[in-house]
Amino acid sequence: MLKIWGRTNSSNVKKVLWCAEELGLAYERVDAGGAFGVVNDPAYRALNPNGLVPCIEDDGFVLWESNAIVRYLAAGDAEHRLLPHTRQEKASADRWMDWATSTIAAPFRDVFWNVVRRTAQDRVETELSRGLASCSRLLAIADKALANQPYLTGDHFGIGDIPLGCSAYGWFTMPIERPDLPHLAAWYEGLTQRPAYRKAVMIPLT
């Protein structure tokens with residue numbers, strides 16, 4: 001059985017859990033990271049020398065890095081339900097996956113930490129303002145793309161939607177001032193109708 005290490009409130013772990021749920025995969029999840037520890041244990045470091053989550057083991061094959069895991073799980077699906085059909089569509093979906101991780105993640109973290117994980121007394125207002133401005137500017141890029149197609153993956157939901165979809169839940173749930181991005185909002189509303197998204201992603205923000 002597929003084994004997944006990681007805590008459920010990690011955005012990177014959510015990607016993997018959401019993907020697994022979309023594909024109907026049976027898996028065992030092991031709490032790891034944050035308050036659960038585990039990631040510095042020698043046995044875990046032998047699997048993932050970075051000491052981060054998520055990490056999976058599938059029939060003896062070990063893999064870390066959340067986007068790589070999502071791609072691996074999607075590629076193993078006989079029906080290829082989450083994968084685009086053409087080489088160009090696949091490259092486009094990969095682009096959105098990497099963009100969400102390399103470009104959105106840092107400013108989103110500034111917002112999330114200051115709104116959700118820090119007390120009002122510990123909040124760094126300059127960091128929060130900078131994060132909000134950056135996220136608003138960057139999400140407008142996704143909004144523009146979604147004006148021409150229903151999903152970041154293309155005509156159908158797929159791997160390209162998963163990384164940003166995990167951040168989108170926090171973005172639309174946190175008590176923050178958001179710009180009007182109607183196409184992004186419609187895309188997010190569509191995600192909330194997916195049972196796998198509700199189960200793996202739409203959990204209390206902590």
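Reply: **The largest cavity and its surroundings**

The largest cavity is lined by Ile104, Phe108, Cys135, Leu139, Leu164, Ser167, Ala168, Trp171, Phe172, Leu184 and Trp187. The model is predicted. Keep those residues in view, for several of them return below.

Start with the space itself. Rolling a probe the size of a water molecule over the atoms shows where empty space is left. The structure holds 1 cavity of 30 Å³ or more. The largest cavity contains about 60 Å³ of space.

Which elements give two or more residues to the lining? They are helix H4 (87–117), H5, helix H6 (162–173) and H7. H6 gives the most, with 5 residues. By class, the lining has 10 nonpolar residues, 1 polar and no charged.

**H6 against H7**

Two packed helices are described by the angle between their axes and the distance between the axes. H6 and H7 pack at about 105 degrees, and their axes are 10 Å apart. Angles from 65 to 115 degrees count as roughly perpendicular. H6 and H7 are therefore roughly perpendicular to each other.

Look at who meets whom. H6 brings Leu164, Gly165, Ala168, Tyr169, Phe172 and Thr173. H7 brings Leu184, Ala185, Trp187, Tyr188 and Leu191. This contact has 9 nonpolar residues, 2 polar and no charged. Now go back to the cavity. Leu164, Ala168, Phe172, Leu184 and Trp187 are among the residues that line the cavity, and these residues also take part in the contact of H6 with H7.

The structure holds 9 aromatic pairs. One of them joins Phe172 and Tyr188, whose rings are stacked. Their centres are 4.6 Å apart, with 10 degrees between the planes. Phe172 lies in helix H6 and Tyr188 in helix H7, so this pair ties together parts that are 16 residues apart in sequence.

**H5 against H7**

H7 has another partner to look at. Helix H5 (residues 125–146) packs against helix H7 (residues 182–191) at an angle of about 75 degrees, with their axes 7 Å apart. That makes H5 roughly perpendicular to H7. On the H5 side, the contact is made by Leu139, Ala142, Asp143 and Leu146. On the H7 side, it is made by Pro182, His183, Leu184 and Trp187. These residues divide into 6 nonpolar, 1 polar and 1 charged. Leu139, Leu184 and Trp187 are in this contact, and each of them is also in the cavity lining.

**Along H4**

Asp110 and Glu125 are 15 residues apart in sequence. Their C-alpha atoms are 9.9 Å apart in space. Setting aside neighbours within four places in sequence, Asp110 is in contact with Glu127, Arg130 and Gly131.

**Out to the pockets**

Helix H1 (11–23), helix H3 (66–75), H4 and H6 each supply at least two residues of the lining of the largest pocket. H4 gives the most, with 8 residues. About 830 Å³ of space lies in this pocket. Its lining counts 36 residues, and Arg7, Ser10, Ser11, Asn12 and Arg109 lie nearest its centre. The classes are 15 nonpolar, 15 polar and 6 charged.

**Two backbone details**

Finish with the loops. Most residues other than glycine have a negative phi, and most peptide bonds are trans. Val38 has a positive phi of about 75 degrees, although it is not a glycine. Val38 sits in the loop between strand E2 (27–30) and H2. The peptide bond from Val53 to Pro54 is cis, with omega near 5 degrees. Pro54 is in the loop between helix H2 (42–47) and strand E3 (55–58).

Key: Residues are numbered from 1 along each chain as its sequence is written. This is a predicted model: local features need pLDDT of at least 70, side-chain atom pairs count only at pLDDT 80 or more; totals for chains, interfaces and linings use all residues. Side-chain values use heavy atoms; hydrogens and water are left out. Axes are lines fitted to C-alpha atoms, for helices over the stretch in contact, and angles run from 0 to 180 degrees between N-to-C directions. Helices (H or I, at least four residues) and strands (E, at least two) are DSSP runs, numbered from the N terminus. Angles under 35 degrees count as roughly parallel, over 145 as roughly antiparallel, 65 to 115 as roughly perpendicular and the rest as oblique. Contact means heavy atoms within 4.5 Å. Ala, Val, Leu, Ile, Met, Phe, Trp, Tyr, Cys and Pro count as nonpolar, Asp, Glu, Lys and Arg as charged, and the others, Gly among them, as polar. On a 1 Å grid over the protein atoms alone, a cavity is a set of points where a 1.4 Å probe fits but cannot get out, and a pocket is an open set with protein on both sides within 12 Å along at least five of seven lines; lining residues have an atom within 4 Å of a point. Grid points are joined across faces, edges and corners, and a volume is the space filled by probe spheres set on the points. Rings of Phe, Tyr and Trp (its six-membered ring) pair if their centres lie within 6.5 Å; planes under 30 degrees apart count as stacked, over 60 as edge-to-face and the rest as tilted.
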